[in-house]
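Here is a short briefing to read alongside the model. Please keep the sequence and the 3D view open as you go.

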Amino acid sequence: MKNSFKRCLAALSASAMMATAMPFAANADETADVLNSDRITIGSASAKIADQGIKYGDANLDGYVTVSDAVAILQYIANRDKYTLKPQGITNGDVFNRGDGITASDALSIQKYDAGAIIVLPESYMPGYVEPSETTTTTTQPTTTTTTTTTTTTQPTTTTTTSTTTSTTTSTTTTTTTTTTTTTTTQPTTTTTTTTQPQNGIPDLGTPMNASATMVSNFKAGQAGDFFASDGWTNGKPFDCYWYKRNAEIKGDHLELVIDQKWNASDGNPDWMPAYSGGEFRTNEFYHYGYYETSMQAIKNDGVVSSFFTYTGPSDVVNGQKNPWDEIDIEILGKDTTKVQLNYYRNGQGGHEKMIDLGFDASEAYHTYGFDWQPGKITWYIDGKEVWSMSGDVPVTPSKIMMNAWPGKTVDDWLRAYNGRTPLTARYQWVTYDKNGKNGQSQQNPWQDPNQGQQQDPNQGQNNGGMNANATMVSNFSAGQAGDFFASDGWTNGKPFDCWWYKQNAQINNGLLELKIDRKYTNDQNPDWNPQYSGGEFRTNGFYHYGYYETEMKAIKCDGVVSSFFTYTGPSDVVNGQKNPWDEIDIEILGKDTTKVQLNYYRNGQGGHEKMIDLGFDASQEFHRYGFDWQPGKITWYIDGKEVWSMSGDVPVTPSKIMMNAWPGLTVDDWLNHYPGQTPLTAYYKWVTYNKQ
């Protein structure tokens, strides 16, 4: 029933084409020669060599994929004795539901490919189908061995002697050589090497299932647990599919989520008429803080997504109230299954996407994917290893656990265009949820929930308004101590810094370091850049590495300017004769909105990790503490001693200088707003500490 329409269409299309073009050829190869006469002249002898390897769609082995291959398939189906296909041609022609053999649907797929309606062959695969491994054939040529045997026969010699006469008779020694040739022929031996596949052909390279977790759904044992299949509705854009329970079934030792044709053409709603069907599994219950994990194999195909996530939204009504849209995502995009996209939504606000390089292809094996959701923080894991974390205004609403597989529409810039291949299958072995968290103990973060208790301040033994006087390095400007810092003087960074650094713009006055934006005092310029204004910058002489960095500051409020605190090193720093890479960790307050702070880092010149944090106060009105804890593979930012954000992964590794500066920008109005030229403007700092910890 599934393919009847396609088969009829293929037969009708091919029949019409052949009736108008030519009578049936005697065999498939002759048909190919006639239909491709303009191409065969290129060299039909060499084209025929195509049968030595797979060329999807090339059923007649002429080296091309055209409608002549569709004709060859239809002829073969009609009369296999008369219209033969070589074994390699049969293999090549199986392109509709690869793995089910030659059918009329394969002919239709080839016609669609030739017409440009689809761009990739095979069009689809049977669930669990694994392409046969290449075979290596070793042939031993017949061997001829010649053995020579030499036989020597010696006749006796007789000597007769008398006293008077000596007569010697000599008998001649005759050597007879007989040569015997023995021919040994070894018949050709064919050795076929094949790859042994794990069960269902899918290796399991992930971490083991936690059978002691709070909730366990072990699909390997045929147990759906708390999950059920979505059925009879569609999400709307960009989900170009209708959910059917037949697309989400436990088969054997795994759950299959299938993207396929739409089973009922009329299924849709007034706003959205999807073209395909998809599979989705979701829990009945809601789950909250804890560790979530699954073992899955993703789909490789442009335009589709394989997922694992928590979700709740207005469709969930709890105690008479519609839930907000809170979601935590693990999504593998079929266009590149060597990466995974992480994200979350808090009350409908997303934009926290992070793409992680996996180091493997997620479509080739089972791997484990998980996240630890705690108050104010989410940490993601791949095969048990932490790969990313985010802190701040993260989801807070108990949610359902879900997985789905779907094709997208109107999102080609994100997923690429879906080519319509079906069926496509994502597989899952199990799902677990442990309320105790990844490491067996739930965590709490008071930044988002003040009723959860006090987060420990990273500064220990603090005094003097929050400064840690016992830190490894202390520069106490309140006491007039510059410590390891000095003022930049006599140069400019170039664009977008529309200022020249002067030491008179970075001075300790009345117990405060003042970093000032002002007019430019001289005609200072260089061949590349002639800034219009002056700025202030303080930087250390020494380099600092892993540890906790903090300052107490008051920022500038004005469009077009930045007040900052950061670590930096780059090619201008030469250590042991080598230029340093550009490594940087940033805290930047943009004058256009001093109720927010922007966090970021650069690793070997690669940035793009910006995060904007709502402060809950105006940073230009009073002093506050801003800090970050830099550790191997992880950075955690703090405001007034409370964690607000963290990032894990390929973070900076190079010892750097500690810096603060205040500057106006040029050519970056979309980031900072346009600087109106207002002067003087001053950012103030009380102290800076670094604690090696």
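This is a predicted model: local features need pLDDT of at least 70, side-chain atom pairs count only at pLDDT 80 or more; totals for chains, interfaces and linings use all residues.

Residues are numbered from 1 along each chain as its sequence is written, and side-chain values use heavy atoms, with hydrogens and water left out.

**Helix H5**

- H5 is largely enclosed by the rest of the structure, because nine of its 12 residues are buried. Buried means under 20% relative accessible area, exposed means over 50%, and partly exposed lies in between (1.4 Å probe, protein chains only).
- The buried residues are Ser-68, Asp-69, Ala-70, Val-71, Ala-72, Ile-73, Leu-74, Gln-75 and Tyr-76.

- The model has 22 salt bridges, each being a side-chain nitrogen of Lys or Arg within 4 Å of a carboxyl oxygen of Asp or Glu.
- One of them joins Asp-302 and Arg-416, at 3.6 Å from N to O. Asp-302 sits in the loop between strands S11 (290-297) and S12 (304-312), and Arg-416 in the loop between helix H8 (412-415) and strand S22 (424-434), so the pair ties together parts 114 residues apart in sequence.
- Asp-302 is partly exposed at 25% relative accessible area, and Arg-416 is also partly exposed, at 44%.
- Asp-393 pairs with Arg-346, with the closest N and O atoms 3.3 Å apart. This pair links distant parts of the chain, 47 residues apart: Asp-393 is in the loop between strands S20 (385-391) and S21 (400-407), and Arg-346 in the loop between strands S16 (339-345) and S17 (354-357).
- Asp-393 counts as partly exposed, at 43% relative accessibility.

**A buried pair and a network**

- Glu-643 forms a salt bridge with Lys-377, their closest N and O atoms being 3.8 Å apart. Glu-643 belongs to strand S38 (residues 642-648) and Lys-377 to strand S19 (residues 377-382), so the pair ties together parts 266 residues apart in sequence.
- Glu-643 is buried, with 7% relative accessible area, and Lys-377 is buried at 12%.
- Glu-249, Lys-251 and Glu-256 are joined in a network of salt bridges.

How values were computed
Helices (H or I, at least four residues) and strands (E, at least two) are DSSP runs, numbered from the N terminus.
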